[in-house]
Amino acid sequence: MMDGVALTKQINPAREEASPAGLVLRGITIAIGEAPLLSRLDLDIPPGDVVTVMGPSGSGKSTLLAYVAGFLDKAFTARGEVLLDGAPITALPAQQRRLGILFQDDLLFPHLSVGANLAFGLDAAVTGRRARRARVEEALDQAGLGGFYDRDPATLSGGQRARAALMRTLLASPRALLLDEPFSKLDRPLRKDIREFVFSHARALGLPTLLVTHDHEDADAAGGSVLTLKA
Amino acid sequence: MLRLAPILTLAILLGPIGAGLLWTLLPAFGYLPVLGTRDFSLDPWRELAAFAGFRSALWLTITVGFGATVISLVLAIALCATSVGTRAFETLRAAIPPLLATPHVAIAIGFAFLVAPSGLMVRAFSPWATGWERPPSIATVNDALGLSLIAGLVLKETVYLILMIIAASTQVAMRPMLQAASALGYGPARGFVAVIMPQIYRQIRLPIYAVLAFSLANVEVALILGPGNPPPLAVVAARWFAGYDLGMYYPASAAATLQFFIVVAGIGLWRLMEIPVGMAHRLWVARGKRRGVAEPFWGGAALLGWSSGVLALAALVAVAAWSFAHRWRYPDFLPESWSLRVWEQHAGSVTALAGVTALIAFAATLVAVVLALACLENEQRRGLSVGQGALWALYLPLLVPQIGFLFGAQMLLVQFSLDATLFAVIWAHLLFVMPYVFLSLADPFRALDPRYARSAAALGASAVRIFFTVKLPMLARPLAIACAIGFSVSIALYLPTLFAGAGRIATLTTEAVTLASGGDRRVIGVYAFIQALLPLGVYAIALALPALIYRNRKGLA
């Protein structure tokens, strides 16, 4: 199916015997100034599982995601190890972590066509203009967006944009998925579809997925374990 | 490399200003080794004080400086206060870019065409209403009190202050607060002045200081509209610097140094006056009066503001009309006949000057944009937050009077044999282009949703690739506007061209100013018209180009 599958399986199984495959957080402590936000948080997300972190705004769930992704604002101080299939990635810059991220908004680049957006994400390992174009077209088909390559992203519906955003993320062959309330801005009926679309892809690719949300329905649909943070 | 961007930028901006101030200060005390004088003395100051028009020049400088600033600020506040929430506000916003882009020299020349004794305003009512068969012998331009100079400055500065007020007011919840004030029974203008102004004053303080500094020390508008004998202090200094008598460099340096301290003291005085004005404002607000003179006062001021806008546009029309006029005798309101003769005669010279002007503007803008982007990208990558100090440093070229440091900077250029080179002129222009380019780029750059860059990084894009393929294309519109602003700032510059070019590099602006002191109105019209047209053309391109490139991208509309 997707290149992502092959890539996920290539990943070296646990070099450190102690930590299992998937996305593992060990002793994450985050503070802003003197005020502690998270203290010694541990989390194991096996491949193909969706683990949900819940909590009210200000509980630090988005901050946790930013730390895992490598985007933590300089105002925070943070400690703790993030391991991906046994290898620590905390020291890596964001662009080398190979974590796919979806935010509340689809964040398709408004100056690029839908296809160019996906091509921006597509792994550089896929070379050759034709091959890359074909790979993107294939992904568009998969998302029910066949023939949308040259479309302006602004002309797509909310659901189409959400699916295009997921495809852009998956084409980069991520090794794990981070979801920052990606369904909260969608209409209720659409939300269910997109949720199903995202989770099924994550499971099929065996991606460990960390979902941050304040919506219980998200957590129920994810089906994995749930960690609740307090404000 | 990127880490050095802020330091490099500051060095490029502040280096010449600091050194220039010092090398103007030293000759003011007799020290000028180039001319062989190394002994410190107070003679230059005695010579300056002995200048017959010294006291009048000083008084004129101060009245024009404060007069133009206070009037511009009142008109700008009045126009915003009376039009927010109405359709007039859209008109106001639409009028700003073209008026802002037009060089003040072109507006001053056109304004003189309008209000001169033989100008269009007198012609409109003569001789049928006034009985003037000949132009009246009243000094309506170059009047001794500097009233026409104040008016000429106000035409341009009001527009700039309106822009600053509008930009600052986007930072506060203006609409709901005005609605709350009106629900409590306050009229729109009273509500704006009572509620919004105190919240945004901090943000428009530096722009006001820049306007004050410009009004106190401007040379080119004063040459066109100000009195000649005595002129304001900055013009006195500029004249002496430009003269053939090198001995006058000493009193000229003293005058320039004094001008610097007048601006410093002027800004200090304004800052001090903010305290009692603020107290009076609080008392006024606390009285809770709903009726009184506020609405009629601001309404009247707004009317004056609108008329000044109309006057500025009329000035441009007058410039254009003169350039195409053939026979246009007093008291005809319209030319008897039109002709392209003057355009044809000056085509070669105008084209050459426009080329040099555009080249300097293009180079200065390009460097400014690259430096500004490098500073902003560096700031973003390293998660720096920029403080008040950096803002002051950026504003410094707009606060320090040009005449106060340009001579000193020229002395340095001479030492490195760089004077009268395009390089020197471009650098001099960069000092003034940089602040505007940076300030207009900074807000959109910082406001760009950081999650776009994060998404791109998560997809594996390097910082360099994100900068060039995500941030820059998304900022195409503000980037084009920043370029147009930089371009128009450069085109309008007079003294920096004169000093760094040692009088040997001419632009449309220096030529227009030179001609304005008594040439043929048709010829002046040609140069002033092209000088106004060039930045307007660049603005039009800046608006059209991104729209054209992204015509199929609604998300960037």
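**View 1. The surface and overall build of chain A.** The accessible surface of chain A comes to about 9,900 Å², and 52% of this area belongs to carbon and sulfur atoms; such areas are computed by the Shrake-Rupley method with a 1.4 Å probe, and for residues only the protein chains shown count as cover. This is a predicted model, in which local features need pLDDT of at least 70 and side-chain atom pairs count only at pLDDT 80 or more, while totals for chains, interfaces and linings use all residues. Residues are numbered from 1 along each chain as its sequence is written, chains are lettered from A and ligands numbered from 1 in the order in which they are written, and side-chain values use heavy atoms, with hydrogens and water left out. Chain A contains eight helices and nine strands, where helices (H or I, at least four residues) and strands (E, at least two) are DSSP runs numbered from the N terminus. The C-alpha trace of chain A spans about 50 × 40 × 35 Å along its principal axes. Its radius of gyration is 17 Å, which agrees with the value near 17 Å that a compact globule of 231 residues would have; this radius is taken over C-alpha atoms, and the globule rule is 2.2 Å times the number of residues to the power 0.38. Of the 231 residues of chain A, 55% count as buried, a word that here means under 20% relative accessible area, whereas exposed means over 50% and partly exposed lies in between (1.4 Å probe, protein chains only).

**View 2. An open sheet of four strands in chain A.** The strands of this sheet follow the order β2-β1-β4-β5 in chain A, and their pairing is antiparallel. Strands β2 (35-45) and β5 (87-88) of chain A stand at the edges with a single partner strand each, so one side of each is left without a neighbour in the sheet. Strand β1 (residues 23-32) of chain A pairs with strand β4 (residues 76-84) of chain A in the antiparallel sense over eight bridges, and two strands are said to pair if DSSP finds at least two bridges between them. Within this pairing, Ile30(A) stands opposite Ala78(A) in β4(A). Strands of a sheet pair through backbone hydrogen bonds, either parallel or antiparallel.

**View 3. Strand β7 of chain A and its parallel partners.** Five of the five residues of strand β7 (residues 176-180) of chain A are buried. Ala176(A), Leu178(A) and Asp180(A) point one way from β7(A), while Leu177(A) and Leu179(A) point the other way. Strand β6 (residues 99-102) of chain A pairs with β7(A) in the parallel sense over four bridges, and Gly100(A) stands opposite Leu177(A) there. β7(A) also pairs with β8(A), again in the parallel sense and over four bridges, and in this pairing Leu177(A) stands opposite Thr209(A).

**View 4. Thr209(A) and its surroundings.** Thr209(A) lies in strand β8 (residues 209-213) of chain A, and it is buried, with a relative accessible area of 0%. When its neighbours within four places in sequence are left aside, the residues in contact with Thr209(A) include Ile45(A), Asp49(A), Val51(A), Leu177(A) and Ala202(A), contact meaning heavy atoms within 4.5 Å.

**View 5. Helix α4 of chain A, packed against both chains.** Helix α4 (residues 114-121) of chain A is mostly covered, with seven of its eight residues buried; among them are Val114(A), Asn117(A), Leu118(A) and Phe120(A). The buried residues of α4(A) pack against α5 (129-142) and α6 (158-171) of chain A, together with α18 (450-458) and α19 (463-474) of chain B.

View 6. Chain B contains 23 helices and two strands, and 53% of its 557 residues count as buried. The C-alpha atoms of chain B fill a box of roughly 70 × 60 × 55 Å, taken along the principal axes. Val356(B) lies in helix α14 (residues 341-381) of chain B and is partly exposed, with a relative accessible area of 28%. Leaving aside its neighbours within four places in sequence, Val356(B) is in contact with Ile505(B) and Ala506(B). Val356(B) and Ser72(B) are 284 residues apart in sequence, and their C-alpha atoms are 33 Å apart in space.
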